[in-house]
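I want to go through the contacts between chains and jot down what I find.

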12 protein chains.
Amino acid sequence: MSDQVYKKIELTGTSEKSLEDAISGAVEMAADTIRNMRWFEVVETRGRIVDGKVAQWQVTLKIGFALEQQ
Amino acid sequence: MSDQVYKKIELTGTSEKSLEDAISGAVEMAADTIRNMRWFEVVETRGRIVDGKVAQWQVTLKIGFALEQQ
Amino acid sequence: MSDQVYKKIELTGTSEKSLEDAISGAVEMAADTIRNMRWFEVVETRGRIVDGKVAQWQVTLKIGFALEQQ
Amino acid sequence: MSDQVYKKIELTGTSEKSLEDAISGAVEMAADTIRNMRWFEVVETRGRIVDGKVAQWQVTLKIGFALEQQ
Amino acid sequence: MSDQVYKKIELTGTSEKSLEDAISGAVEMAADTIRNMRWFEVVETRGRIVDGKVAQWQVTLKIGFALEQQ
Amino acid sequence: MSDQVYKKIELTGTSEKSLEDAISGAVEMAADTIRNMRWFEVVETRGRIVDGKVAQWQVTLKIGFALEQQ
Amino acid sequence: MSDQVYKKIELTGTSEKSLEDAISGAVEMAADTIRNMRWFEVVETRGRIVDGKVAQWQVTLKIGFALEQQ
Amino acid sequence: MSDQVYKKIELTGTSEKSLEDAISGAVEMAADTIRNMRWFEVVETRGRIVDGKVAQWQVTLKIGFALEQQ
Amino acid sequence: MSDQVYKKIELTGTSEKSLEDAISGAVEMAADTIRNMRWFEVVETRGRIVDGKVAQWQVTLKIGFALEQQ
Amino acid sequence: MSDQVYKKIELTGTSEKSLEDAISGAVEMAADTIRNMRWFEVVETRGRIVDGKVAQWQVTLKIGFALEQQ
Amino acid sequence: MSDQVYKKIELTGTSEKSLEDAISGAVEMAADTIRNMRWFEVVETRGRIVDGKVAQWQVTLKIGFALEQQ
Amino acid sequence: MSDQVYKKIELTGTSEKSLEDAISGAVEMAADTIRNMRWFEVVETRGRIVDGKVAQWQVTLKIGFALEQQ
């Protein structure tokens, strides 16, 4: 059985700047330990409010990566 | 019973500029009348189209704030 | 029966720049063939990852437009 | 930041007559205290059964109204 | 343990007249064999189209009724 | 491969009168250009509020129709 | 009120062979006691794993059948 | 076809004491008439409020039981 | 139009003790300012973890209360 | 703006043989009129029951295809 | 990019005693190998029934923990 | 606290042959590194289309396995 199998993990990225930045941060941190990442799917968007202003963007995403045959 | 209780309200922010701006606008307008806001959750993202272009970003979010003991 | 009827189509826009750009691209391409577009609703946000970085933002949206009486 | 912000509240209207009547009743009661209502969205439809017959239509809806700049 | 327990069954009512009529029909037919019905919840609304017109309204609902202690 | 295939389109019907009328209007307008329509499914019910009263019923539905073998 | 009413029951079929077989098994067992079954809807697909292999396919489905006028 | 088939029924248990007690009550009442119950799934948690206090816990659950070959 | 209308608000109760306690705390705090509360519905259950142990139960619920005719 | 845009359509394929066959049939019929199809997503699985047996597998799927720049 | 990133894992805790105990058990077992756990979210509540009584509470939860910069 | 705890991971299996084969492939590859797998749940079914035909079945599933006490 040689068809490709992918694993999906769930991360929450945070950023003071933007939604895209929160996502990119999570993907890039995952890249430290995971190879062959292929796609992500946004699951939830939240944020922290401090003193009546948005202080942090929080995006939860699933990241899919190809498992390597052993 | 002294555990903290939070209330959540639902707002739709709009902006001609960006999704983040629509969210920030809703949070900042809420800050005029609500204290102790802590977090928001995005529930829906929509927009208005005029003359074949995106004319307005509309983001519906829930905002959670701490109720003050009376 | 003269009440307005709207049709909704589903598109996926892509962009290397931002979520807003992916949405705008889909709306503007649809404008080539569809008149009277009024609103969009975001259904799903995904993206492609290449070499451990976000390489493409992908936003699936529904676009509503007014049907013309025949 | 002068873009319009909307608030959404959730009401359950009831009627012995019809689904439309339950919705209208909730909207009209809200009109006693809320200005600038623009739209509603049905969230849930239920009802009470008495003696083997539908005795009450219950429709839960969200109502969106424009917040006024202060 | 004497607290009340309710059972819920799922029915689809149909009618050529209206949504309310489809619901009432299902409730009244259930009344032939079930006692102590208390409430219903609409789960799905569909219909049949014949010759370009709505020919039948179909509403799927759950009906809750009190179980009798044995 | 001669098994029947159906296509589903998504429309939003509107009416000042009732929910059923909004659905019927969408189905009948679709009948101008589409043959072999068989069923519809309600996806969303909304409405417009003007001067504190329901001014328009809006029902989004999917319509399924049989594709003709070419 | 003579419009047809349908009842829906929920079953989980199991099979060592395939998803279709798990569904067919549930339908055929239901046929022992229920007449006038018309359609099914798949609600959930699961399975049991034994010794690192799929050992059983489990499909939960709703079955709709016509109630007979009494 | 000898693979096991399960049926699922939906009950709402109530209790003045706790969520667990509402669930147990429903399961134990079902045991009066149903054999071979194997598992339950919580679908909804609600409750009644009287005089500003929780007066009743209400838990809706699905119960799965093995059907016996005839 | 004299049919009863209910309003629903969304609160998050917290407790160090139990899920029921988090719900009761939210209901009882709401009772300080809201009359005629009738029911609640649990929407989400979360919690805080400190030093590898559950430190706080957090339950988000909707509370329905009867609006008084003006 | 030259980023790729995709359109998604919704079809229901049917087959007397298997779930895979119902999907393949819908994809292949779509191929008669649509170019550049890239992926599908299963949205719903249903079927027809005749004489106590599964008589038809019905799978509703969304098909995504690349729009060509004009 | 120094913004905090969180990872979420999914566990199912079981207990013969209570829902809270099933959750606590999962959190505490996770603490053996995971540092910096911050929150959990309940995704599903089920249980096993033996001899007509609830024999085991099963709660599936997601646990979020802070990833450490490398 | 000796009650069993399970972990769930999310995989996407692919196959040119069938849905069952895509699931089995994911389960069997997971068996290379994970012991005590007990069940799977299908979360999403998709596929790739090449030259107007289904070229690959893709099934995303969650796999539950028992954690071993340390």
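How many residues does the contact take from chain F and from chain C? I looked it up in this predicted model: chain F puts in 18 residues and chain C puts in 13 residues.

**Chain F and chain C: area.** I checked the buried area next, and it comes to about 1,300 Å² between chain F and chain C, with carbon and sulfur atoms giving 54% of that. On the chain F side, I noted that F:Glu10, F:Thr12 and F:Met29 lose the most area to chain C, together 44% of what that side buries.

**Chain F and chain C: polar side.** The rule gave me 2 salt bridges across this interface. One of them joins the side chains of F:Glu10 and C:Lys8, at 3.5 Å from N to O. I also counted 4 residue pairs in polar contact between chain F and chain C. Which elements give two or more residues to the side of chain F that touches chain C? I found β1 (5-15) and α1 (19-30) of chain F, and β1(F) gives the most, with 7 residues. Sorted by class, that side has 4 nonpolar, 8 polar and 6 charged residues.

**Strand pairing.** I then followed β1(F) over to strand β1 (residues 5-15) of chain C: the two run antiparallel and are joined by 4 bridges. F:Glu10 turned up again here, as the bridge partner of C:Lys8 in β1(F).

**Symmetry.** I superposed chain F on chain C: a rotation of 120° with 0.0 Å of shift along its axis does it, RMSD 0.0 Å. The two copies are thus related as by a three-fold rotation axis. Which residue of chain F comes closest to the rotation axis? I get F:Ile9, with its C-alpha at 4.6 Å.

**Chain A and chain B.** This contact takes 13 residues from chain A and 14 residues from chain B. They bury about 1,200 Å² between them, 64% of it on carbon and sulfur atoms. I found 2 salt bridges here, one of them between B:Glu28 and A:Lys53, with the closest N and O atoms 3.8 Å apart. Last, I checked the strands: β2(A) pairs with strand β2 (residues 37-50) of chain B in the antiparallel sense over 3 bridges, and A:Arg48 has B:Trp39 as its bridge partner in β2(B).

Key
Residues are numbered from 1 along each chain as its sequence is written. Chains are lettered from A and ligands numbered from 1 in the order in which they are written. This is a predicted model: local features need pLDDT of at least 70, side-chain atom pairs count only at pLDDT 80 or more; totals for chains, interfaces and linings use all residues. Side-chain values use heavy atoms; hydrogens and water are left out. Contact means heavy atoms within 4.5 Å. Buried area is the accessible area (1.4 Å probe) that two parts lose on being put together, summed over both. A salt bridge is a side-chain nitrogen of Lys or Arg within 4 Å of a carboxyl oxygen of Asp or Glu. A polar contact is a pair of N or O atoms within 3.5 Å; within protein, one must be able to donate a hydrogen and the other to accept it, and residues adjacent in sequence count only if both atoms are side-chain atoms. Ala, Val, Leu, Ile, Met, Phe, Trp, Tyr, Cys and Pro count as nonpolar, Asp, Glu, Lys and Arg as charged, and the others, Gly among them, as polar. Two strands pair if DSSP finds at least two bridges between them. Copies are superposed by least squares on the C-alpha atoms of residues with pLDDT of at least 70 in both.
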